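Welcome, and please open your viewer. We will go from stop to stop, and at each one you will hear what to select and what is there.

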Amino acid sequence: MLVDVAAKESTTMTASTRETRIVADPTVPQVIITREFDAPPDAVFRAHTDPELFARWIGPRDIATVIDTWDCRSGGSYRYVQQTEGFEGGFRGCFHEVRPGELIVQTFTFEGMPDGVALERLSFEDLGGRTRLTATSLVDSFEDRDAFLASGMEVGVREGYEQLDGLLVERVA
């Protein structure tokens, strides 16, 4: 049985017409995020792989993102820093597999917790001019997963995707 985090915690109205589903699996320490976008997979994929575009939409809304390194190809790596008043945090990882318009498999580490590494799989499904993005994050313990869920990540995810909606209207493809 999956636990729908969004259904339990989402009472905030947003400007977006798309629902972001955040689901925690009680049998595996993973989180599955599903969201649809009104743009083709190539455009949504590009917004995830172009560092300038990525820095413009990654959430939360009130935080600035500075790209330190970005080599988005199979075997490449990345590092970026997010800053807001009272917070600065680095995030880094490796791109394991990158298939244009289709799939990104990567690792993700918050440098404040360097022993924690998530394995993330982002798939871009073509819905006939629209895209369903499914992001699965697997961590090594239920404690890490629960800390991830309790961190307020759902706000950053939702606000980031709302910013991505706006970016996609600009036709980034």
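## Stop 1: a charged pair

Select Arg79, which is partly exposed because its relative accessible area is 24%. For these labels, buried means under 20% relative accessible area, exposed over 50%, and partly exposed in between, using a 1.4 Å probe and protein chains only. Before we go on, a word about the model: it is predicted, so local features need pLDDT of at least 70 and side-chain atom pairs count only at pLDDT 80 or more, while totals for chains, interfaces and linings use all residues. Residues are numbered from 1 along each chain as its sequence is written, and side-chain values use heavy atoms, with hydrogens and water left out.

A salt bridge here is a side-chain nitrogen of Lys or Arg within 4 Å of a carboxyl oxygen of Asp or Glu. Helices (H or I, at least four residues) and strands (E, at least two) are DSSP runs, numbered from the N terminus. Asp68 also counts as partly exposed, at 45% relative accessibility.

## Stop 2

How many salt bridges does a search of the whole structure find? There are 16. Select Arg99 and Glu102 to see one with an N to O distance of 3.1 Å. Arg99 is partly exposed at 35% relative accessibility, and Glu102 is partly exposed at 41%.

Next, select Arg145 and Asp146, whose side chains meet in a salt bridge at 3.0 Å, N to O. Is Arg145 buried or exposed? At 8% relative accessibility, Arg145 counts as buried, whereas Asp146 is partly exposed at 38%. Then pick Glu36, Asp38, Glu125, Arg130 and Arg132 together: salt bridges that share partners join these residues into one network.

## Stop 2: strands side by side

Show strands S7 (residues 103-110) and S8 (residues 118-126), which run antiparallel and are joined by 6 bridges. Two strands pair if DSSP finds at least two bridges between them. Click on Phe108 and look across to S8, where its bridge partner is Ala118.

Staying in S7, select Thr109. Thr109 is buried, with a relative accessible area of 5%. Its side chain reaches the backbone oxygen of Gly116 at 3.4 Å. That is a polar contact: a pair of N or O atoms within 3.5 Å where, within protein, one must be able to donate a hydrogen and the other to accept it, and residues adjacent in sequence count only if both atoms are side-chain atoms.

S8 and S9 form a hairpin with 4 residues between them, and Gly128 in the turn has a positive phi of about 80 degrees. Along the pair, Glu125 has Arg132 in S9 as its bridge partner, and Ser123 stands opposite Thr134.

One of the places to check is Val31, whose bridge partner in S9 is Ser137.

## Stop 3: into the core

Which residues touch the most other members of the largest nonpolar core? Of its 35 residues, they are Ile33, Trp57, Tyr161 and Leu164. A nonpolar core is a set of buried Ala, Val, Leu, Ile, Met, Phe, Trp, Tyr and Cys residues joined through side-chain atoms within 4.5 Å. Helix H5 (residues 153-169) gives the most to this core, with 6 residues.

For a last stop, select helix H2 (residues 41-49): 7 of its 9 residues are buried, so H2 is largely enclosed by the rest of the structure. Among them are Val44, Phe45 and His48.
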